[in-house]
Amino acid sequence: MPKMGESIMEGTILNWLKKPGDRIEQDESVLEVATDKVDTDVPATHAGVLKEILVEKGQVAQVGAPIAIIATEGEEEVAPKPKATEDIVQEEKQPTASTNVPTKAAEPVKASGRFYSPLVLNIARQENISMMELEKIPGTGKEGRVTKNDIFKYLQDRKAPQVEKPASTSTQTAAPKEYVQEQIKPATSLNGNVEIIEMDRMRKMIAERMLESKKVSPHVTSFVEADVTNIVYWRNRAKSEFAEKESVALTYTPIFIEAVVKAIKDYPMINVSVEGDKIIVKKDINVGMAVALPSGNLIVPVIKNADQLNIIGLTKKVNELAKKARENKLSADELSGGTYTVSNVGSFGNMMGTPIIVQPQVGILALGAVVKKPAVVETPLGDTIGIRHMMFLSHSYDHRVVDGSLGGMFVRRVADYLEKFDINRKVFS
């Protein structure tokens with residue numbers, strides 16, 4: 001199972017496009033996989049013949065675990081299956097007369113009629129959860145399967161302080177500790193004037209990612225108002241010519257991204273991530289752009305090496321990624337590797353926002369709506385009041401590594417680049 005994006009640990013097999021015995025060319029799509037971010041095809045890394053499928057349709061596989069065996073040219077025998085989960089399963093097996101019985105790899109393990117994914121088993125092993133204990137954890141996944149969220153919730157409840165119950169003279173057996181938390185939860189009362197909607201897979205993952213980001217990063221937000229009048233006039237003049245020559249719309253987003261890229265070059269410590277007590281400074285500038293989907297969910301495709309694109313290249317890339325996102329055609333590569341993110345909340349008519357950081361990045365910029373306002377304009381003859389096109393920039397940053405001075409100076413520098421935009425700039429040379 002290939003890496004499918006930042007922080008993605010597992011994928012669900014949606015469909016196999018090939019069957020055992022089929023010939024496969026290198027880079028030919030072999031299967032369809034669903035992750036928390038996107039559904040995508042997985043290409044073959046080598047040409048050959050598909051000898052065996054290890055993870056069936058509908059099952060979950062951990063990133064890096066074997067999911068199929070392909071015999072390449074010249075191979076007469078296929079190597080034995082790797083035993084990705086053997087070390088987990090062997091720990092739970094009862095001693096027998098023979099201990100060298102092979103365990104099938106990369107398949108969810110079945111116990112008492114229940115299946116567990118390799119990821120869940122790995123977490124259980126690391127947290128010293130026995131199979132007997134694992135059997136007691138309520139599952140919210142398909143057919144009652146225990147998901148990683150279920151096991152994390154169980155661990156959180158297990159570590160929480162238990163409620164002291166008054167002593168009783170009754171000889172009735174006490175309830176197991178792991179269920180005390182459930183017993184003290186207040187009952188939920190619903191009348192008939194409600195509608196209960198089950199979250200879809202993407203909504204659940206977005207919720208998980210947002211909560212995780214707030215737990216990991218202490219968020220601070222700085223605000224700056226920018227005069228973008230020159231940009232508005234320049235775009236109004238250039239958009240018709242641009243659409244005619246390039247067949248794509250010239251929006252504000254690529255212009256704003258260009259300013260962000262310039263500011264990142266001035267303040268490279270914004271383009272970092274954190275691993276433990278180490279700061280990883282990224283040399284590539286890969287800008288994520290939040291895109292609203294028809295379902296209402298958000299997805300963040302990434303413009304790789306944005307600093308190497310001119311305004312024409314950025315415009316084409318913005319339009320291409322936005323179109324693919326709305327048609328659910330983004331690849332895993334187009335969703336990974338981001339080093340900084342922008343979110344255009346102005347497209348919803350919002351003046352400003354306090355966006356949540358996309359982990360493991362340390363900053364995200366919200367672009368507010370462009371509106372006309374009366375403003376003080378400096379002229380050679382003195383100050384005057386004029387009608388200007390203004391917008392707010394909201395910069396949320398990780399206060400572990402980005403102090404208020406850096407976070408504030410960065411967003412101010414973005415605003416400076418926007419305000420100094422050359423109204424006489426040529427789109428095409």
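D227 is buried in this predicted model. Its relative accessibility is 19%, and the cut-off for burial is under 20%, so the residue falls on the buried side. D227 belongs to strand β10, which spans residues 219–227. The side chain of D227 makes a polar contact with the side chain of T229, at 2.5 Å. Contacts also reach beyond the local sequence. With neighbours within four places set aside, D227 touches R388, H389 and M390, and also L418 and E419.

Strands of a sheet pair through backbone hydrogen bonds, in a parallel or an antiparallel sense. Strand β1 covers residues 10–16 and pairs with strand β6, residues 60–62. The pairing is antiparallel and comprises three bridges. Within this pair, T12 lies opposite V60 of β6. Strand β1 also pairs with strand β3, residues 29–34. Here four bridges join the strands, again in the antiparallel sense. N15 faces E32 of β3 across this pairing.

Another set of strands forms an open sheet. Its three strands follow the order β2-β5-β7, with antiparallel pairing. Strands β2 (23–24) and β7 (68–71) are the edges. Each has a single partner strand, so one side of each lacks a neighbour in the sheet. Strand β5 comprises residues 48–53 and is joined to β2 by two bridges. These two strands run antiparallel. R23 stands opposite V49 in β5.

Terms used:
Residues numbered from 1 in each chain as written. Predicted model: local features only at pLDDT ≥ 70, side-chain atom pairs only at ≥ 80, totals over all residues. Heavy atoms only, no water. Pairing = 2+ DSSP bridges. Buried < 20%, exposed > 50% of the residue type's maximum accessible area, 1.4 Å probe, protein only. Polar contact = N/O pair within 3.5 Å; in protein donor to acceptor, adjacent residues only side chain to side chain. Contact = heavy atoms within 4.5 Å.
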